[in-house]
Each structure stands twice: as C-alpha cells, then as structure tokens.
Amino acid sequence: MATRVGCNGCHGADGGGRELWEEEGKFKLVAPNLTVKRDLYDDAAIDGLLRQGRTHDGHVPFGMPILMFQHLSDR
C-alpha cells in the first residue's frame, strides 16, 4: 500500500525515513521513520492520519500530502 500511494517517496522503501531538504544552518526536513512511529497508531489513528491529517497527538503532519490520501477507500 505504501508503494502504491507514494509513501515510499519520502519515507524510503523500507519506511525508515530519510532526509528530504536541508538549508545549511537554517533547517532540515526529515520524513519520520514509520517503523518506529507505527507503535503510536492503532487502526483508527492511521485512518485519522491519512484521511483527516491528524497525528497521534493531534497536530498536522508538516509536509505530508493529506489531500492525496483522503480519496482512499476502506478496501
């Protein structure tokens, strides 16, 4: 599923996360390691993340393309 909807583009083929962009001395944007974050989410929380853009602690996941995932069916 992650390959089909494009998660691997940012989080890597193994879901281990990777650096996306950096401006030396200003910022570094890193896609999280999903294999570690998975423990924070039950099925309902994953649904909330992908369909409503709500993380396990309620904040918006910066840079995650939530609008791309809202169309996913339950199947």
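1. No disulfides turn up in a search of the whole structure, a disulfide being a pair of cysteine sulfur atoms within 2.5 Å. The sulfur of Cys7 has its closest cysteine sulfur in Cys10, 8.8 Å away, which is too far for a bond. Cys7 is buried at 18% relative accessible area, whereas Cys10 is partly exposed at 32% (buried is under 20% relative accessible area, exposed over 50%, partly exposed in between; 1.4 Å probe, protein chains only).

2. This is a predicted model: local features need pLDDT of at least 70 and side-chain atom pairs pLDDT 80 or more, while totals for chains, interfaces and linings use all residues. Residues are numbered from 1 along each chain as its sequence is written, and side-chain values use heavy atoms, with hydrogens and water left out.

3. The whole structure holds four salt bridges, each a side-chain nitrogen of Lys or Arg within 4 Å of a carboxyl oxygen of Asp or Glu. One of them joins Lys28 to Glu19, with 3.6 Å between the closest N and O atoms. Lys28 is partly exposed at 49%, and so is Glu19 at 39%.

4. Lys26 pairs with Glu23 in a salt bridge at 3.2 Å between the closest N and O atoms. Lys26 is exposed at 64%; Glu23 is partly exposed at 37%.

5. Arg51 and Asp47 form a salt bridge at 2.9 Å, N to O. The two residues are about one helical turn apart because they lie four residues apart in helix α4 (residues 43–52); helices are DSSP runs (H or I, at least four residues) and strands likewise (E, at least two), numbered from the N terminus.

6. Gly16 sits in the loop between α2 (8–11) and β1 (18–23). Beyond neighbours within four places in sequence, Gly16 contacts His11, Pro32 and Asn33 (heavy atoms within 4.5 Å).
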